[in-house]
Amino acid sequence: MRLSNRTFQKINRSRAVQDAVARKAQRVAATARSITANEGGTANITVVSGVRPGGRAYTNVVSSSRDEEYGTETTPRIRALGRAARTN
């Protein structure tokens, strides 16, 4: 059964769904912080939530260091966000 757009929007805007997504993001962020600290990184890992213009809620886990996530010639690749998302 396929959800109508109206039903999808209603579910997506519900406090229960937004809270569940925020809890998951906090777990991923905590794991990413741990990975970063254990591997000598200095990235600041944060959680950013909001609502897109179309009404869809989102929660993102963000690193302050693109270089640590992807690596450069001078910065080793830690990939804390990717690894944390995969393990949670």
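**Exercise 1.** Does Arg15 count as buried, partly exposed or exposed, and at what relative accessibility?

*Solution.* A word on the model before we start: it is predicted, so local features need pLDDT of at least 70 and side-chain atom pairs count only at pLDDT 80 or more, while totals for chains, interfaces and linings use all residues. Residues are numbered from 1 along each chain as its sequence is written, and side-chain values use heavy atoms, with hydrogens and water left out.

Step 1: recall the classes, where buried means under 20% relative accessible area, exposed over 50%, and partly exposed in between (1.4 Å probe, protein chains only).
Step 2: Arg15 has 54% relative accessibility, so Arg15 counts as exposed.

**Exercise 2.** Find the salt bridges, taking one as a side-chain nitrogen of Lys or Arg within 4 Å of a carboxyl oxygen of Asp or Glu.

*Solution.* Step 1: searching the whole structure gives 2 salt bridges.
Step 2: Asp19 pairs with Arg15, their closest N and O atoms being 3.5 Å apart. Both residues lie in helix H2, 4 residues apart, about one turn of the helix; helices here are DSSP runs (H or I, at least four residues), strands likewise (E, at least two), numbered from the N terminus.
Step 3: Arg83 and Glu39 meet at 2.7 Å, N to O. Arg83 sits in helix H4 (residues 80–87) and Glu39 in the loop between H2 and E1, so this pair ties together parts that are 44 residues apart in sequence.

**Exercise 3.** How exposed are Asp19, Arg83 and Glu39?

*Solution.* Step 1: Asp19 is partly exposed at 31%.
Step 2: Arg83 is partly exposed at 26%.
Step 3: Glu39 is partly exposed at 41%.
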